[in-house]
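Thanks, everyone, for making the time this morning.

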Amino acid sequence: MNKLVKKISVILMMCMLISFSGIESMAVEISENDENKTIISEEENEISLEQEAEATNPDENTQEEVENSQEISENQEEIEYIYLDKKILADGEEQNIVVALEDEEKKLDSASLIYEFKETAERNEIEASNMVDNTVLFTLPYDILSQGSYRLIGVECAIGEEKIFLEFQEEEIAEFEVSAEDKVKDTEAVPEVTAYAMGDDGNVVEESGDNITEAVESAIRQMAAPTAISQFSTRARESRDSEFVIALDPGHDSHCGGAHANGLAEEVLTLKVANYCKEELEKYDGVKVIMTRTGAECPNPLPGSYSSAKDIRQRVQKAVQQGADVIVSFHFNSSGSGSANGAEVIYQNQSYDAAIGLESKALAEKIQKELVALGLKDRGIYSKDSTDGSHDPNGVKDDYWTLHNEAKALGKPAVLIEHAFVSGNVDSANLKKESYLKQLGIADAKGIINQYDLLNGGPRKEPGVGKIEFKATGEDTFDVILSDVKNEEKIQTIYVPIWSANNNQDDIYWYAAQRQSDGTYKVSVDIKKHKGDRGNYIAHVYIIDKQGNQILANDGQYKVIYYHASIDTLKVSQNATDKTKLDIVVSGINAPNGVDRIQAAVWSENNGQDDIVWYTMSKQSNGDYKVQVNIANHKYDAGIYNVHIYLFDKEGLSFLPKATNISISVPNVSIAAKPLPDNSTQVQLSASNVGIYGNVQNVRFAVWSAENGQDDMKWYFGTRNNSGVWQVTIDTSTHTGTGVFYVHSYSVLADGTDKFLGNTEFTVKKQTTASIEKLEVNKTNENTFEVLLKGVTASNGVKNIQVPIWSEENGQDDLVWYDASKKADGTYYVNVDIKNHKYNTGIYNIHVYLFDKTGKAFLLKTTSTRVELAEVKITASDMDGSQKNFQLKAANVGKYGNVQNVRFAVWSAENGQDDLIWYTGKQNGSGTWTATAEIARHKSSGTFLVHVYAMLADGTDKFLGTTSFEVKKQGVASIGKIDVTTDEKGNINVNLAKVYAATGVKKISVAVWSETNGRMI
Ligand SMILES: [Zn+2]
């Protein structure tokens, strides 16, 4: 541990234990690493002690103060550190002061502290209450001190035989105040602990902290900083009473009288007029009047060393101690001649502080004006320089009068009024009137009131800073701008102590504000000087006036924030399962001021930003932010979507750290129109993929034909089928037009908005027709018939007519397509020969097809007809009764057309077909074929069988039919012809012809009987 720090800590600890209870806790641990030993000042100063000599010149009009310098000891010792634990010492407390010497090897044997009561410049000395090597503690109890300001002058030390005096080098440092208050209210958050250290530049630097350790640490750090800013600090005075304090000084007194003439005594008149003036001034708000004298006697003690000059100085000092802002001294003039009359006012010259001189002169003008207004002769106003050669550092002569000099020394304006001449023949008469004295007092008051604008509690002639503003100049820097600076002529310096709220005042710096050309004052702050702290900064504004008074003029707060935020990655993707959703994820969020919210502005490129929606993203457990976008919010637009990510931090800043776009496709809603088959006029309308719009309320189709505009528009509502397709079947015949039909489809979405789904079109051909008025079937011959088609029409014109015809026999094996021919009268016809149909008989089917010129086929008509033909007739007959030849005949063969031949197969039933013989027929006229069977060529008699076949024109064999005949056995007899005749005689003649007997005739018997009475007789 740094030895110095250790010792300071130890000694402070002791003093705490002994006498001090104001600090509740104290940490004395100091970092071992702190090696800052360079805090020691290298400056070598001659040590001198100023002693104020009492004036010996009794002349009140001369300078009394003489400075004597006395060199006590020359040494090279340096003060390393001064510490005070209180800026304001309250009743019952003790002030602890620690002083450390630079040389750590020094061991002090004794030490005493010289301190000064600033109000009277009285100095006192106190012995050390404790010492550790080179560090010493002084304790000043409240009881031995007076109320007011004290400053520390120096330390007198003894080291062995050597005695040295160490003067604290900087004026105004190491001051403290003693207050009558029991407890000082620390409304400014000024720390109780104050430490001072002397830096390389010889300046003493204040350090502050909540406790001693902090103060010491801070001091050491401050010393190490090459650009320590603070120069000094004293506690700001209690802010002055809001009252404007006017000190009235009735010149002279009973001990030191003034001019006397005409029975008038100056010291009497001055008190009277001053009292009248006071009475008048006190009518105003915010005015406090103090009197340097209220009785006839001299207000100050009268020791042997009394001088009027000393009395005057004391009057001024006391007035200032009581807060006087201005001092007005009352006098009356005198002359050896009664002709000298009138008023004059003497003001301060511009030595030391021109501003005071100017203010004094202005006041003199105002008062003189009022006095002259009473009728007093105007003797003018003026200042008077000293005559002894004394002057300020600029060579300007001091004032002549003690009043002026002393007031100026204390930073106050003062005027001396010579109201009138007690010796004057005009004035003296007036001065004998009490009312006139009162008028004089009122006139003085008016002048003062005019000068200080005291009406209505007007502004003070005090310096001030009306406005404090903060302006960021960078991420780590800001300016403090002080404006509305009042009574600037009274300002010496404006200091702005600034510290961050973080960790108390550990980073406080005192900045001297720089005056700008526009009259404002500025301090530029870089937070690096404040440990880089961000957050609230507190600034106080102290004005040091030209008299060295400190005034807390203003304060303010400013927040230092970050001006950046970023996002590493932005990912936008179309949801894989629901393509109507976009997933937006941002990660790697860096927002040093904290995230208030992250929003995604999303819009589709379609129609600009008409669909922009701001989505607030949700924070995920891993720190990412997410949102899912439903493209329903964007009119279900497909294509490019823009995604801009906005980050709003907790300081209200907004950033656009990321932007991207994504192109998405969604399943197309497709609208279709499908005509149903056949010549139907029905069309099926459908809308698919409507599901991308969610649960729609309906899907409807507007349908109209292109003909005549939308005159035939109709709405059709679809129904949803199991596949999610919305369908409806319409009949176009309910529309007036034909040709192109338009279909527009709409849907009412779940949220009630109407959505156009798409459109399509279809074509309905013009209606084509074909018809027939009459169909006739007429037999034209044995084997032919005619089909007549009458009144045939087709809307597109007849290309051709075909007539398929087939018999029902054996299915359609005989189907023939006939091309109809057209007659001159427009009748179509087809001639049918049944030979084309295998000579089939029975039902014939007839269909009539019309093909129009567009190729369309129409089945115009169907019918049927019955075809009937004469049967082929097969016969066999004995040609001459001899049973030797039989004629075979096949009639009606012609129905089979021109047969190539007709053949007769003949055989006797006896013994099978062993005697079958084929006889080829000969055509005999119209369709009859004959042949002769010769029995002799066959083996037997009895029953003969005949089968007949024909070879048709096409070479096929056709069975025509059968018959049979009988042949008698040989030996039998027969009569070929019997004729029975009856003659007139009743003879019955029986003629027998063609009598055959195989074995010859022997006899022929004829039996004859009547039918009466039975048979044969
Ligand atoms: Zn006088």
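Predicted model: local features only at pLDDT ≥ 70, side-chain atom pairs only at ≥ 80, totals over all residues.

The accessible surface of the chain comes to about 50000 Å², and carbon and sulfur atoms hold 45% of that surface; these areas come from the Shrake-Rupley method with a 1.4 Å probe, where for residues only the protein chains shown count as cover. Residues are numbered from 1 along each chain as its sequence is written, and side-chain values use heavy atoms, with hydrogens and water left out.

Of the 1017 residues in the chain, 47% are buried, meaning under 20% relative accessible area with a 1.4 Å probe, protein chains only.

Now to the metal. The zinc ion is coordinated by His252 through NE2, Glu266 through OE and His331 through ND1, at 1.7 to 2.2 Å, where donors are N, O and S atoms within 2.8 Å of the metal (3.2 Å for Na, K and Ca), and water is not among the atoms, so sites may look incomplete. Along the sequence, these donor residues follow the spacing H-x13-E-x64-H. Both His252 and His331 are buried.

Finally, Asp833: its C-alpha lies 4.3 Å from that of Thr784, although the two are 49 residues apart in sequence. Beyond its neighbours within four places, Asp833 is in contact with Asn783, Thr784 and Tyr818, contact being heavy atoms within 4.5 Å.

Methods:
Buried < 20%, exposed > 50% of the residue type's maximum accessible area, 1.4 Å probe, protein only.
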